[in-house]
Amino acid sequence: MEPGVFVSNLLLKYAGDGDPTAGEVETQILNTIQSVLDVQVVVPVTMIVVTNETGLGVVPPSALGRAFRDYLGWANQMVAKLADKVYL
């Protein structure tokens with residue numbers, strides 16, 4: 001799983017041309033991410049996740065860019081909570 005592409009696809013699916021920060025969009029995206037992570041807890045496999053760190057740079061000028069940065073950051077935190085090891 002590459003979280004950046006996954007989050008980008010979820011944004012396109014749930015927000016489309018609408019508001020990417022709408023409450024229902026946020027709920028759908030975070031619930032979908034959690035459902036993927038729930039499978040990891042049930043199925044005993046080793047998962048290696050390599051992701052982007054988008055929160056250390058400039059603030060994106062568009063609402064879509066800021067939403068992507070935020071959702072990816074939340075996804076990274078959700079993955080890190082379940083991980084045995086996390087490296088920056």
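Hi everyone. Let me start with a definition: a helix here is a DSSP run of H or I with at least four residues, and helices are numbered from the N terminus. Keep in mind as well that this is a predicted model.

With that in place, let's go to helix α2, which covers residues 23–42. This helix is the biggest giver to a nonpolar surface patch, supplying three residues. The whole patch comes to about 530 Å², and its members are V39, V41, V42, V43, V45 and L82.

Let's take one member, V42, which sits in helix α2.

Now for another residue of helix α2, T32. Here the relative accessible area is 17%, and buried means under 20%, so T32 is buried. What does T32 touch, if we skip residues up to four places away in sequence? The answer is F6, L10 and Y14. With Y14 there is also a polar contact, side chain to side chain, at 3.2 Å.

Next, please look at A22, in the loop between α1, residues 3–14, and α2. A22 has 15% relative accessibility, and because that is under 20%, A22 counts as buried.

Finally, back to L82, one of the patch residues.

Technical notes: Residues numbered from 1 in each chain as written. Predicted model: local features only at pLDDT ≥ 70, side-chain atom pairs only at ≥ 80, totals over all residues. Heavy atoms only, no water. Patch = residues over 30% accessible without salt bridge, like charges linked within 9 Å, V, L, I, M, F, W, Y side chains within 5 Å. Areas by Shrake-Rupley, 256 points an atom, 1.4 Å probe, with all protein chains shown as cover. Salt bridge = Lys/Arg side-chain N within 4 Å of Asp/Glu carboxyl O. Helix = DSSP H or I, 4+ residues; strand = E, 2+ residues; numbered from the N terminus. Buried < 20%, exposed > 50% of the residue type's maximum accessible area, 1.4 Å probe, protein only. Polar contact = N/O pair within 3.5 Å; in protein donor to acceptor, adjacent residues only side chain to side chain. Contact = heavy atoms within 4.5 Å.
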